[in-house]
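Dear colleague,

I am handing over the structure below, together with notes on what came out of it. Please read them with the structure open beside you.

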Amino acid sequence: MTIDELMQLIDKEIPLNKAESWDNVGLLIGDKNAEITNILTTLDCTIEVVEEALVKGYNTIICHHPLIFSSIKQIENKGYGAVIQLLIKHDMNLIALHTNLDAHHQGVSAMIADKLQLVNQTILVPNRRSMAKLQLFVPSSHVEQVKAALGEAGAGQVGNYSDCFFQVEGKGQFKPDENADPYTGQAGKLEVVEEIKLECVFDPQLRSQVEQALIKSHPYEEPAYDVYDFQVEDVFGTGIKAELKHPVQIGSWLKEVKSMLNIDSLRLIGSADQEIRTVGIIGGAGMNYMSAVQKTGVDVFLTGDIKYHEAHDLLMAGLTTVDIQHYSEVVMKDGLKALLESLGIQVTVISSSIDTNPFTLY
C-alpha cells in the first residue's frame with residue numbers, strides 16, 4: 001500500500017475537509033508514492049516517537065497534533081526542526097489527523113467516551129453542511145435517461161443511498177418562437193406536453209457537472225430547472241454527548257474517571273454532590289464551545305485546558321465541568337489504530353509506547 005492509497009482511504013472515512021480552517025492535516029512530510037512498511041499512531045510526534053518507529057522499522061507515523069502548524073522559515077537541528085530533519089533523513093512519512101478526527105463520530109471524544117464506558121453516544125454539537133436541491137421538468141419519454149445521467153454525475157445521493165429522486169406527473173406548456181429549434185411542437189403554436197417534475201439533492205461542489213449532465217441528457221433546447229441551496233445537520237461535528245448506565249454522584253464517579261483515563265489529576269468546577277447522567281465531552285480544549293454545550297442540557301461537561309477566569313464563567317453559567325487535561329486525548333493512539341484497521345488497511349498498525357505528556361505532577 002502506498003501513502004496515496006492510504007490517504008484516499010482516510011479521506012473517505014475521516015475527510016480532510018472537515019478540519020477547521022486554521023488546522024494543518026494530511027500528509028505533512030513524506031512521499032505520496034512511497035510504499036508503507038507499517039504505521040505507528042501517536043498523540044504527538046516527538047524525537048522519541050520517531051526513534052521508536054525507526055527501531056521497529058515503521059516508515060509511517062500518524063499523529064493527532066500536527067508537528068507543523070504555521071509557515072516554516074528555517075529548519076535547524078533543534079526543537080521541531082530536529083524532528084523534521086530526522087523524519088526526512090530516514091524517508092519517513094508523517095500524517096496528521098487533528099480536527100477532522102475530532103469531528104468524526106468515532107473520533108477522539110468518542111474514544112474518551114468509550115474508555116469511560118458511556119452509552120447512547122451522539123454528536124454533541126453537530127456541524128451544518130451545505131446541500132443543493134434540483135427541480136426540473138422533463139417529458140415522460142426521457143425521464144429515465146435524465147435520471148441515469150444525473151445519478152452518474154453524483155446527484156440523488158443521500159448518505160448510503162443512491163438514485164434518490166422524487167417525481168410527479170403533470171402538464172407543461174410552451175410556445176416556440178421563429179428562432180427556436182424545439183424537440184417537439186411548431187413555431188408560434190402553443191404546445192402542451194405530458195411531463196414529469198423531478199427533484200433530487202446533490203453536493204453543491206458538483207453543481208457544474210450536474211447541470212452539464214442535465215443539459216446533455218435532456219431533449220429540450222431550453223430545459224426548465226431550478227437549483228436551491230440549503231443547509232442540513234451533518235454526521236460530523238464537535239464532541240460527543242453520551243450517558244452513564246445509571247445516575248451517579250459526580251464526586252465518586254471522578255475517581256473512576258481518573259483510573260479509566262489513566263490521568264494523574266482532575267479539576268472539578270461545580271458541586272461534587274451533584275447527581276449526573278448525561279455527559280458532554282470535547283477532547284483537547286473545548287471552552288470555545290461553552291455556550292453550545294450549555295444548550296445541549298448535559299449534566300456535566302468534560303474537556304481540557306480550562307483557564308481560571310473561564311472556570312468562573314462556567315460557575316456563573318451553572319455548567320458543571322471537569323478539566324480532564326488535554327493529554328486525555330492520548331486514548332486516540334489505540335482508538336485510531338482500531339479505526340484504521342476497520343478500513344481494511346493491509347499493513348500493521350501499532351500505537352506508540354512513548355508518553356508525550358509535557359507535564360509532570362508534583
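Phe-174, Tyr-183 and Tyr-220 are linked by ring pairs into a cluster, where rings of Phe, Tyr and Trp (its six-membered ring) pair if their centres lie within 6.5 Å, and planes under 30 degrees apart count as stacked, over 60 as edge-to-face and the rest as tilted. The model is a predicted one, in which local features need pLDDT of at least 70 and side-chain atom pairs count only at pLDDT 80 or more, while totals for chains, interfaces and linings use all residues. Residues are numbered from 1 along each chain as its sequence is written, and side-chain values use heavy atoms, with hydrogens and water left out.

The structure holds 3 aromatic pairs. One of them is the edge-to-face pair of Phe-174 and Tyr-220, at 5.7 Å centre to centre and 65° between the planes. Phe-174 lies in strand 6 (residues 166-174) and Tyr-220 in the loop between helix 7 (207-217) and strand 8 (225-249), so this pair ties together parts that are 46 residues apart in sequence; helices (H or I, at least four residues) and strands (E, at least two) are DSSP runs, numbered from the N terminus. Tyr-220 is buried, with a relative accessible area of 12%, whereas Phe-174, at 25%, counts as partly exposed; buried means under 20% relative accessible area, exposed over 50%, and partly exposed in between (1.4 Å probe, protein chains only). The rings of Tyr-183 and Tyr-220 have their centres 6.3 Å apart and their planes at 45°, so that pair is tilted. Tyr-183 is partly exposed, with a relative accessible area of 45%.

On the cysteines, the count comes to 0 disulfides, a disulfide being a pair of cysteine sulfur atoms within 2.5 Å. For Cys-63, which is in no disulfide, the nearest cysteine sulfur is that of Cys-45, 5.7 Å away, and Cys-63 is buried at 0% relative accessibility. The sulfur of Cys-164 is 9.4 Å from the closest cysteine sulfur, in Cys-200, which is too far for a bond.

There is also an open sheet of 5 strands, with mixed pairing and the order 1-4-3-2-13; two strands pair if DSSP finds at least two bridges between them. Its edge strands, each pairing on one side only, are strand 1 (26-29) and strand 13 (349-351). Strand 2 (residues 39-44) and strand 3 (residues 60-65) run parallel and are joined by 5 bridges, and the bridge partner of Asp-44 in strand 3 is His-65.
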